[in-house]
Structure formats: structure tokens, C-alpha cells
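I opened the model today to look at a few places in the fold, and these are my notes in the order in which I looked.

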Amino acid sequence: MSSTVISDIATLVTNDPSLGDGSPLGLVRDAAVVIEGDRVVWTGESSKAPATDNRVDAGGRAVLPGFVDSHSHLVFAGDRTEEFNARMSGRAYSAGGIRTTVAATRAAGDAELEANLTRFLGEALRQGTTTFETKSGYGLTVEDEARALRLAARHTDEVTYLGAHVVAPEYAEDPAGYVALVTGEMLDACAPYARWIDVFCEKGAFDGDQARAILTAGKAKGLHPRVHANQLSYGPGVRLAVELDAASADHCTHLTDADVDALANSRTVATLLPGAEFSTRAAWPDARRLLDAGATVALSTDCNPGSSFTSSVPFCVALAVRDMGMTPDEAVWSATAGGAAALRRTDIGRLTPGAYADLTLLDAPSHVHLAYRPGVPLVAGVWRRGVREV
């Protein structure tokens, strides 16, 4: 395998506090990274870099791990521009809007769905995302949920079965029957394509008892839980996520002190999705409260056609700093190492020997510019598994 050094890096985010300045970001100044194959094999000061076959000059710019987007909904068809326009004119978001996308997704062919998926993945890659999770949830039939997961699995290992997004329209008068389908025939068809199982535990979707039954059934099939929790109202989602050792409780907008304490004393990551609050004018999650309590926080896009139609992690970083009480360092950590923690991964989200060589080069001297210069296309290069793709 050939080796490549990326040198003359003004500031390198390693996410290893044993390196550089000793902060959680492990910042190394005047740094270099050595890649061999698909892995990082060395990081440190440029002057101490070992000899390599190839060299890339970062030109005094910043390098950080590729973003880890641990929550997205990318297998869908249709458009909800009119809904967004109406909502921005005063109509509140509710879970029922999901059904609009369900109808369009069911009517779409495989080629259309996969073309949409790859388009959004290209967008995300150009903005520095090198790992993404994505979910089903817009089919709500056995065939359509399995189809969504099969298409997603062609592009990522982080695939989530979300048959429990909302109750399918055919079961509007029989939610118990839909739960039986989600935990039975649909689960059997979907489990081979998925790593995770998720449920929207919320008024208008699934209550705590239904969510527990669905997640427990998924665990019995070898799928690990994630939970859409406490987005629109206070509820049992966060506590259920912690009880079942879910990898993440996502949204976490409406939290009691007991919810915060539960997260802080568990392995469950609080994944915050500020694109949803931006796009629905909802209350912002209080990241400061979670961080001060000792909870692990991730930042992700929640890219979906209804409530957060953005694939830009840098945009979410800027929102988190401006409106959720995070420092730039905390937001960048949460969008990289935090996302990795939400996927229970140690081989991504950091730039240390043994990790995948997933790097983002910014056209700026510091990662702080992601919040300092919001909306500016700062990503100047992206390496994924050691290959430069942007």
C-alpha cells in the first residue's frame, strides 16, 4: 500500500485529548496526517512526520474528521414545499405530515428512490459527511419498508428499520394491528438489511408501551435500538431509550431533570437535530443543560423532506453554536466523535492511528470558522477511507 502525508495543516482536530493541546478535540497545530490504505497511521506535528510515498499540502488550512451524520431519512420520494411554505406562514408541524411522503414513496420505483438517495449522499459528501445513518419509515408496508432498507444497505452499513415511524394509513383504526405487523412479518422482512431499529415515541405516533414492544422485538432479532424521543412534547421516549440501552435518543427537546440525569448516567447519546427546529420554528433543544450534566451529545441533520430538509452538518454546527448553547469546539466534537458514539463506533469520528482515513479539509485556518462563517462553502477537500472524493 502506498502512503500519503497531508502536511502544513494549521489546526488538526484529532478528537484524542492525549494529543496536542489536551482538549477534547486534541488540537494539533502545524500538523500532519499520514494515511496508508484506508487508515490513519500517524498524526502529529508536521516537522516530525515520517517519510511517505505521496504528499498533499494543506496550505495552512484546518483538517478535521469527516462528519458522522447519525440520523437521516434519505429513502423517499415526493416534495413537501407547500407544507413548508404553509408552516412558515403559521401552521404548526405535526407528525401526520409524514403520511404525505408515504404516499409518494409507495408510488415511486426503485430507480427513483435510489437516485434520490445518491443525490443527497453526494450533497452530504461535498459538505464533509463521510459516514451516515439512514432509515426506512416512508413505506409502512412489508414490501416498501424492506425495499427502502435494501436500497439503503447498498450505500451504508448504518441502516435503521423505522417501520414504527407513524401508524400506516390502512391501520388508522387499528394501531394494535399495525404494531403486530411491525413486530412480526415486517420485522422478519427488514431485519436482514438493518443494524438498528427505531421508533417515533410521540403523541400522534407510538406511546411508551407500543415503543417498548417494538424495540424489544427488534432486539430479539439482533437489531439495536435508537429512539425518536421527546421531540414535540414531554414523554417516555428518553427514559425508554436508557432502559433499553439504546445507542441514541434523538431530538431530546422536551426533557425533565430525570431525563437529563438518565442520559448523563447511561451510554445512550443525546442526538440533537437543530435542522428540525430551524425548519419548524420549534423550541431549540438545550444542549448546554445536557453537556453540563455530563451527557454525551451528537449533532446530526435529520435530513428528511418534511421537517429538516438539509444535508449540511456545517449548517447544523452553526445553529448549535448560535441557538443551542454549544461552543464551536463542542459542536464540532458532537458532529464527529459524538456521531460516532451514537453509532457505537470507534473507527470513525477521530484522526488517530487505526481509525478510518475520513478527513475534511476546510478552506479556513480553524474549525471555528464552521460557526464563524455560517452558510459559506468552506469544505475544500474530503477523503473517505483514504481516497480523496472531493
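I began just after helix H12, where glycine 325 takes a positive phi of about 80°. This is a predicted model, in which local features need pLDDT of at least 70 and side-chain atom pairs count only at pLDDT 80 or more, while totals for chains, interfaces and linings use all residues. Residues are numbered from 1 along each chain as its sequence is written, and side-chain values use heavy atoms, with hydrogens and water left out.

**H12.** I took helices (H or I, at least four residues) and strands (E, at least two) as DSSP runs, numbered from the N terminus. At the start of H12, I found a side-chain oxygen of serine 312 within 3.1 Å of the backbone nitrogen of phenylalanine 315. Within H12 (residues 313-323), I noted Val313, Pro314, Cys316, Val317, Ala318, Leu319 and Ala320 as buried, the term standing for under 20% relative accessible area, with exposed over 50% and partly exposed in between (1.4 Å probe, protein chains only). I then looked up what covers these buried residues, and the cover includes strands S5 (67-69), S6 (129-132) and S14 (297-299) as well as helices H10 (274-280), H13 (328-342) and H14 (369-372), contact being heavy atoms within 4.5 Å.

**Glutamate 158.** I next went to the loop between helix H4 (142-153) and strand S8 (159-164), which holds glutamate 158. Glutamate 158 counts as buried because its relative accessibility is 2%. Its side chain makes a polar contact with the side chain of arginine 195 at 2.8 Å; such a contact is a pair of N or O atoms within 3.5 Å, where within protein one must be able to donate a hydrogen and the other to accept it, and residues adjacent in sequence count only if both atoms are side-chain atoms. Leaving out residues up to four places away in sequence, I listed Phe132, Glu133, Thr134, Arg195, Trp196, Leu343 and Arg345 as touching glutamate 158.

**H3 and H4.** Asp110, Leu113, Glu114 and Leu117 in H3 meet Arg147, Arg150, Leu151 and Ala152 in H4.
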